[in-house]
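Q: Please take a close look at the part of this model where the database record places its annotated sites, and describe the surroundings of each residue in turn.

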Amino acid sequence: MGYRVAVVGATGNVGREILAILEEVNFPVEKMHAIASRKSKGVEVSFGDRTIKCEDIEQFDFSSVDLVLMSAGGAVSREWSEKIGKAGPIVIDNSSAFRQDPDVPLIVPEVNPDAVKLARKKNIVANPNCSTAQLVVALKPLHDAAKIKRVVVSTYQSVSGAGKEGMDELWNQTKAIYGLGDATPKKFPKQIAFNVIPYIGSFRDDGYTDEEAKMWDETHKMLDPSIKLTVTCVRVPVFVGHSEAVTVEFDRPIAPDEAREILREAPGVLVVDKQEHDGYITPVDAAGEHAVYVSRIRKDPTVENGLSFWVVSDNLRKGAALNAVQIAQLLDETGVITPSSGYRTLTV
């Protein structure tokens with residue numbers, strides 16, 4: 001007994017990760033459908049110890065499922081999510097298409113689980129930007145303890161955030177440079193191998209990029225609109241795992257040791273913070289893991305009541321697929337969704 005589930009975008013990086021995590025966490029699936037574009041119809045993907053063939057999104061009857069996990073990009077989501085929601089199932093959308101829609105909850109379960117009560121307004125729940133997800137998991141417990149006034153973030157975002165094409169470009173450029181081959185950029189605006197690019201998304205009139213704007217807009221929606229937030233998003237030559245250098249100003253003094261204790265008790269957070277040569281987490285350490293890691297917690301002496309720290313997480317997991325699955329678990333636990341069999345799990 002369980003849910004009838006469809007994963008849209010099943011052949012992509014995040015889609016495959018969603019299928020893997022649903023199996024890992026034993027989400028109750030009665031029937032799984034892998035959905036993709038017509039050109040991918042028949043392509044096989046793995047779900048547990050089985051392989052399933054992709055079905056064409058144009059031909060699939062979405063009224064036959066309870067839950068749809070959408071990870072096929074903003075254009076596909078804008079075309080399909082509302083239609084699917086009207087057919088009955090709840091859509092968990094991994095794109096930016098509905099994140100700022102007031103009738104669509106934007107959820108990180110460790111941060112704002114109560115927003116799930118809005119899920120039936122449009123039968124759509126939005127998954128946040130990958131960099132926002134890990135940031136707010138770290139900020140939420142600190143904000144509860146000592147109200148946050150201002151945050152300054154610099155991201156170090158892996159190429160997997162740009163999909164398989166981004167990962168292929170880093171791999172191919174690295175080989176080309178070592179082999180004196182062609183390293184001409186195709187996916188990214190500049191060479192990514194052995195380089196960093198301070199530009200993700202597209203420029204806005206104010207000089208920020210839309211990727212940077214997503215981070216403050218989403219933090220305001222999920223956590224607190226009064227928090228002042230400035231962001232610089234940077235693409236780095238890392239395959240998987242986003243990192244963030246974060247500086248926070250609070251409305252009261254908070255010592256590094258107090259912050260460590262607060263974060264150690266927080267859901268979804270693991271503190272690895274020793275003043276040793278390897279006493280911190282890197283993207284390589286976080287790849288394949290569920291946690292948001294916080295390291296290098298220290299006082300910022302340049303502002304009143306300031307702390308600085310380092311945040312790392314697997315962007316394909318907590319930044320995308322894992323958070324989507326955790327939203328599915330939250331919908332199940334709260335009874336917002338129930339399978340056609342009437343069975344419902346009692347724990348997340």
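A: The UniProt record, an unreviewed entry, places the feature "binding site" at Gln 157 and Arg 235; UniProt positions are given in the numbering used here, feature names are shortened, and annotations may be inferred rather than shown by experiment. Although these two residues are spread over 79 residues of sequence, they cluster in space, with a largest C-alpha distance of 4.8 Å. The model is predicted, so to speak of local features requires pLDDT of at least 70, side-chain atom pairs count only at pLDDT 80 or more, and totals for chains, interfaces and linings use all residues. Residues are numbered from 1 along each chain as its sequence is written, and side-chain values use heavy atoms, with hydrogens and water left out.

Gln 157 lies in the loop between S8 and helix H4 (164-178), where helices (H or I, at least four residues) and strands (E, at least two) are DSSP runs numbered from the N terminus. At 1% relative accessibility Gln 157 counts as buried, a word that stands for under 20% relative accessible area, with exposed meaning over 50% and partly exposed in between (1.4 Å probe, protein chains only). Not counting residues up to four places away in sequence, Gln 157 touches Ser 131, Ile 200, Glu 211, Cys 233, Val 234, Arg 235, Val 236 and His 242, contact meaning heavy atoms within 4.5 Å. The side chain of Gln 157 also makes a polar contact with the side chain of Ser 131 (3.3 Å); such a contact is a pair of N or O atoms within 3.5 Å, of which, within protein, one must be able to donate a hydrogen and the other to accept it, while residues adjacent in sequence count only if both atoms are side-chain atoms.

Arg 235 lies in the loop between S9 and S10, and at 7% relative accessibility it counts as buried. The contacts of Arg 235, with residues up to four places away in sequence not counted, include Gln 157, Phe 188, Ile 192, Val 196, Ile 197 and His 242. A polar atom of the Arg 235 side chain lies 2.8 Å from the backbone oxygen of Ser 158.

His 242 lies in strand S10 and counts as buried at 0% relative accessibility. Cys 130 lies in helix H3 and, at 15%, likewise counts as buried; leaving aside neighbours within four places in sequence, Cys 130 is in contact with His 242, Asn 315 and Gly 319.

Asn 129 has its place in the loop between strand S7 (124-126) and H3 and is buried at 4% relative accessibility. The side chain of Asn 129 makes a polar contact with the side chain of Glu 211 (3.1 Å), and Gly 319 is among the residues that Asn 129 touches.

As for the strands, S8 (residues 148-156) and S10 (residues 242-250) run antiparallel and are joined by eight bridges, whereas S8 and S9 (residues 228-232) run parallel and are joined by five; two strands pair if DSSP finds at least two bridges between them.
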